[in-house]
Amino acid sequence: MTRRTFAPDAGGLIAGAIMLAIGIGVTVTSVGYGIGSLRRMDTGYFPMLLGSCAILLGLAITVRHGLFPAPAEDAEPETIDWTERWHRLRPMLLVPLGIAAFAALLESAGLLIATFALVMISGLAAEKPNLKRLFMIALLTPVGAWVVFVLGFGLPFKLY
Amino acid sequence: MELFANLADGASIALSWSALFYCFLGVTLGMVVGVLPGIGPLPAIAMLLPLTFYIEPSEAIIMLAGIYYGGQYGGSTASILLNLPGTPAAAVTCLEGYPMAKDGRASVALFMTAIASLVGSMVGIVLVASFAPVLARFALEFGAAEYFSLMVFALFAAAAVGGSDILKSLSMVVIGLILGIVGQDVTSGTFRFTFGLPAIADGLNIVAVAMGVFGVSEIISTIAMRSHATTFEKFSFSSMLPTRQEWRQSAPAMGRGSAIGAVAGILPGAGAAMASFVAYAVELRLSRVPHLFGKGRIEGLTAPESANNATAQAAFIPTLTLGVPGDAVMAVMIGALMIHGITPGPTFIAENPTMFWGLVVSFFVGNLLLVLLNIPFVGIWTRLLQVPYNALFPIILVLVSIGVYSINSSVVDIYLVLGFGIFGLVMARLGFPPAPLVLAFILSPMMEENFRRALLLSRGDFSTFVTSPISAVFLGLCLVALLIMVFSKKM
């Protein structure tokens, strides 16, 4: 079973929408901070300018997308099957999950367990994880981190 | 002469045993991260930042600088042997280096890139020593309007170099500027865009932002790539020596490359990747045998190598004397200096003369160490390339997480890395380049301050930005950069 990765040129629309959203959000918030006058600018003036720039860029990207849609590729649209999709998606899920686990565990369970969790979870993101090797690395890295950062640099970490 | 007195002064700092040790540590680590594709110098800097809290500031900057220019040496190794650039600037090195390796001339290619790197670096260092103090004195004359326009120009240049799509590069500049505003406003004390979170009341951590959009998103996309088969020839010293013919072809190319790289380094916002690309294009244009390029021409290898190393050294000129970084790594370096209470700018050299000259002398030392690391020990680096990425990246993630956490002992900073990692990945997918964001982020507070001061002094009159000749020149250059971007897209 195969599917296309992206609609051919949805990218331009999404990019424009992101910039518009950022711009509007920033501009509205900045006006709330107080604009002041050109002579004596208040807190919100500079951010408001930046927000306006973001809106202009967002509009420009959207308009360009509408006027000059990305040329349709002559080649076959890229088709990938589900294993390939999963292979590409896995690092995007497991690496952030590993980092989140590290952040959540660091001050409660301590450096050793947090490091072990980060290595084990993110290591599974590899295409064909070598589980035995990964487990060894996950056991040794906390020890290494302890030696280098706690014994070596003297950083104040809660170990466990 | 004053210069020699200054250098002698610097030598007293740079040649102490501890400074030599930190210099060695920096360049070696720079070499490691340069050799390994998929890790830039940023993770190495993030990892070593906590260490720098416990050593002298001048030794800290010597070490961090070593990571930066050491990475330029290492970047070419994977380009030549695997056709995979270790750093963005080394992408051009693949064009001639990999064909040479396939031809059985990998040893010669590695030897010549080390020599070319040394030549380029030396040109860059001489420029730093002679030109940086002059530029600093000149920049002392800058008022708020001039400073603001200079920074606008730097951001335009970064956007022009950073990506093929000008609207998207400029978008990243604006997003970076907005992120730089987060935190307490210096003038009024109001908290802006902090969403009531005390952890970001002092602003977002530059290391967390940079590690997210560069480090984590780069690691994720490297994992998704297929691994490469690696088999290497044995290296002996005699096999590394180039022929007289190859020396003759390389020497002028190194000179031209160094000159191009030095100019690119002085320009704020232009990085090593652009310099090496231009140097290659120039060699191609000048060559009488352009049809042989792409098949292992040695001048196409040495010119870009000299260029990116010259840029790496010369880039310290705008970074230290103007406080305007040339690329994302330099932006983080400025952040690191600020952690140590040192603000780069026109007064930096006058206020920290021994630190500046110590750094210059350490450049000489570091580059000689790098040539030693490269030529006799080339076998170590090729073996390093055989370590599978799958075994490395979890360890890199650990180092990054610990490093980022240690800066402020803040778990929120780890979540920021995570958030910006995902953000950087999405934006990269949509064709937005990450480098302009990091540059804009570090410049944002200074830009706002100078913008407000300039308009306060001119009583709200915008013409102050064009009536000052220096400021007008910078804004004119922005227009030129913009036109070049629009024009080159059409070609």
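## Terms and numbering

The expected span of a helix is 1.5 Å times one less than its number of residues, where helices (H or I, at least four residues) and strands (E, at least two) are DSSP runs, numbered from the N terminus. This is a predicted model, in which local features need pLDDT of at least 70 and side-chain atom pairs count only at pLDDT 80 or more, while totals for chains, interfaces and linings use all residues. Residues are numbered from 1 along each chain as its sequence is written, and chains are lettered from A and ligands numbered from 1 in the order in which they are written.

## Helix 11 of chain B

Helix 11 of chain B covers residues 244-266, and because its 23 residues should span 33 Å at 1.5 Å a residue, the 33 Å between its end C-alpha atoms agrees with that expectation.

The buried residues of helix 11 of chain B include Ser250(B), Met254(B), Gly257(B), Ile260(B) and Ile266(B), where a residue is buried if 20 or more other C-beta atoms, placed from the backbone, lie within 10 Å of its own, exposed if 12 or fewer, and partly exposed in between. Those buried residues pack against helix 6 (106-139), helix 12 (272-286), helix 13 (299-314) and helix 14 (316-321) of chain B, with contact taken to be C-beta atoms, placed from the backbone, within 7 Å.

Helix 15 of chain B (residues 328-339) reaches 17 Å from its first C-alpha to its last, close to the 16 Å expected for its 12 residues. This helix is mostly covered, since 10 of its 12 residues are buried, among them Val329(B), Met333(B) and Leu337(B). Helix 3, helix 4 (57-82), helix 9, helix 14 and helix 21 of chain B are included in what covers them, and just after helix 15 Gly341(B) takes a positive phi of about 80 degrees.

Leu48(B) lies in helix 3 of chain B and counts as buried because it has 22 C-beta neighbours inside 10 Å. Not counting residues up to four places away in sequence, Leu48(B) touches Met63(B) and Leu64(B), and its C-alpha atom is separated by 9.0 Å from that of Gly26(B), 22 residues apart along the chain.

Chain B contains 23 helices and 2 strands, and buried residues make up 60% of its 491 residues.

Chain A has 5 helices and 2 strands, in the order β-α-α-β-α-α-α from the N terminus on, and 34% of its 160 residues count as buried. Chain A is divided into domain 1 (9-67) and domain 2 (82-152), with bounds from an automatic or database domain assignment, and the centres of these domains, taken over C-alpha atoms, are separated by 38 Å.

## Where the chains meet

In this model, 49 residues of chain B are in contact with 53 residues of chain A. The largest share of the chain B side, 10 residues, comes from helix 19 of chain B.

Methods:
Two residues are in contact if their C-beta atoms, placed from the backbone, lie within 7 Å.
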